[in-house]
Amino acid sequence: MQQVINPFDQSVVGEVQYDTLDTIKAKIATAKAFIPAEATDDLEERLEAMARFRTRFQDDIEKAASLLASQTGKPVSQARGEIQASDARIAYFMEQVPALIQATTVTEGATQEEKSYQPLGVVANISAWNYPFFIGLNVIVPALLAGNAVLYKASEFCPLTAELIAEQLWDSGFSRDQFILVQGGGKEGQMLLEQDINGVFFTGSSATGTAIAKQMAGRMVKVQMELGGKDPSYVTENVDVKAVAQGLADGAFYNAGQSCCAVERIYVHQSIAEEFISHFKAEVECFKFGDPQDDSTYLGPLTRAAQIEVLQAQVQDAVEKGATVICGGEADARTGFFQPTVLTHVNHGMSVMQEESFGPIIGIMTVESDEEAQRLMADTEYGLTAGVFCQDQQRARDILKPLKTGTAYINVCDRVSPYVPWTGRKQSGLGSTLGHEGVFAFVHPRSWQIR
Ligand code: NDP
């Protein structure tokens with residue numbers, strides 16, 4: 001048995017039995033037999049089961065939020081927010097999937113042409129720990145509704161919330177052939193990918209995504225990925241400086257910066273830089289740091305204590321190259337905590353402006369023009385999101401237009417919506433969840449040509 005440790009006080013939250021090659025094989029042995037020929041076959045039954053799951057998921061909110069806070073250190077108010085906001089995603093898929101996967105006639109005439117959809121089959125969903133409900137359900141809900149079997153391996157840092165999701169789905173009417181839970185770490189993830197699967201949806205770091213792409217190379221399996229980011233935001237002089245500074249501080253430090261689309265780089269127009277930095281620092285200094293189970297906590301410990309070394313190295317590298325630490329900069333005396341850290345006088349020769357930090361740290365750089373901001377925003381191997389704060393929306397659009405990112409934000413940041421696709425470019429991924437694209441991700445289109 002593997003112990004699950006609370007990153008706040010190092011207490012044991014629970015224990016899980018990791019899968020072995022034999023148990024993984026046994027769990028998926030019969031799954032394929034139950035996959036329908038067409039994605040719409042028996043859809044009503046799956047919709048009814050999903051409706052029961054949707055209710056149960058919200059009924060269990062306090063248990064789920066507390067479990068998430070104990071496993072990962074996410075403040076309980078933010079865990080609750082994640083669960084509540086998942087409801088709109090489930091509702092969206094329940095409404096959209098039936099409409100989108102319906103068979104349709106495309107042309108009529110001597111040769112009639114039609115379009116229908118088939119499930120991919122057994123879809124492996126390997127997932128990260130930072131938003132296990134959001135990123136788990138982004139795949140699980142549309143994939144199950146479209147008739148697939150889902151083989152879910154959550155992160156070793158959140159196996160208990162994975163067990164809860166499994167229990168809720170099974171109790172709601174999905175069978176153990178439709179939703180299959182695999183517990184374990186990277187090794188078990190690799191074993192799962194060796195099986196006869198038909199699709200992979202991976203959410204995690206670009207390094208693991210690359211390893212999985214290599215492992216899957218040569219197999220005709222649909223592989224899709226949501227990976228890391230180094231997301232920039234540019235603040236022009238044409239804004240309410242205090243409000244934008246407060247919004248961006250939240251975008252950078254929410255969930256201790258452990259969000260794929262956390263703001264990781266800020267560029268600010270020189271004419272407002274001093275005022276912006278002063279409001280930003282004041283906001284960060286108000287963040288309440290402490291016990292994740294306390295409703296008033298805003299910043300908890302990092303989920304993986306090992307990330308502290310990455311953050312320390314980024315601060316050290318930046319300071320050696322001329323950066324100024326205006327607040328934070330060090331690991332806190334408590335295990336797993338890192339002080340919310342703001343660096344100014346940064347540049348792109350520093351790792352803090354190039355490599356994903358995934359922690360409570362931000363570099364703020366002053367720029368002289370929109371062109372300079374645009375060039376710096378594009379200077380990254382990642383392409384998840386980029387944002388501009390400016391009251392002139394056309395100017396913001398013009399700055400964002402050439403950037404290769406899955407999402408462009410204007411006057412918002414760190415935001416994901418069920419109604420539009422969530423997708424990355426460059427090292428930030430391949431494929432989409434959410435939006436219509438997040439439904440088509442889990443089916444094969446099929447054309448019918450009938451004379
Ligand atoms: P990892 O890449 O470390 O792990 C992701 C998942 O992959 C975990 O379940 C992990 O298991 C598993 N895994 C690790 N190695 C292998 C392997 N060789 N084969 C198969 N599976 C493997 O990422 P984190 O969990 O640390 O998540 C943080 C990262 O996720 C950040 O880079 C973040 O930006 C990104 N992310 C991206 C999102 C997006 O939408 N673009 C959303 C959320 C996060 P285990 O953890 O048990 O070792």
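Is Y92 buried or exposed? At 7% relative accessibility, Y92 counts as buried, a label given to residues under 20% relative accessible area, with exposed meaning over 50% and partly exposed in between (1.4 Å probe, protein chains only). The model is predicted, so local features need pLDDT of at least 70 and side-chain atom pairs count only at pLDDT 80 or more, whereas totals for chains, interfaces and linings use all residues. Residues are numbered from 1 along each chain as its sequence is written, and side-chain values use heavy atoms, with hydrogens and water left out.

The structure contains 18 aromatic pairs; rings of Phe, Tyr and Trp (its six-membered ring) pair if their centres lie within 6.5 Å, and planes under 30 degrees apart count as stacked, over 60 as edge-to-face and the rest as tilted. The pair of Y92 and Y419 is edge-to-face, because the ring centres are 5.5 Å apart and the planes stand at 80°. Y92 belongs to helix α4 (residues 76-100) and Y419 to the loop between β17 (407-410) and β18 (422-423), so the pair ties together parts that are 327 residues apart in sequence. Helices (H or I, at least four residues) and strands (E, at least two) are DSSP runs, numbered from the N terminus. Y419 is exposed, with a relative accessible area of 55%. The rings of Y131 and F134 are stacked, because their centres lie 5.7 Å apart and their planes are at 15°. Both Y131 and F134 are buried. Over the ring of F134 sits the charged end of R89, 3.8 Å from the ring centre; for this, NZ of Lys or CZ of Arg must be within 6 Å of the ring centre and within 35 degrees of the ring normal.

Salt bridges number 17 in the structure, each being a side-chain nitrogen of Lys or Arg within 4 Å of a carboxyl oxygen of Asp or Glu. R56 forms one with E167 (3.9 Å, N to O). R56 is in helix α2 (residues 43-59) and E167 in helix α6 (residues 159-172), so this pair ties together parts that are 111 residues apart in sequence. R56 counts as partly exposed at 23% relative accessibility, and E167 counts as partly exposed at 35%. A salt bridge also joins the side chains of R56 and D171 (2.8 Å, N to O). D171, in helix α6, is 115 residues from R56. D171 is exposed, with a relative accessible area of 54%. A network of salt bridges links R56, D60, E167 and D171.
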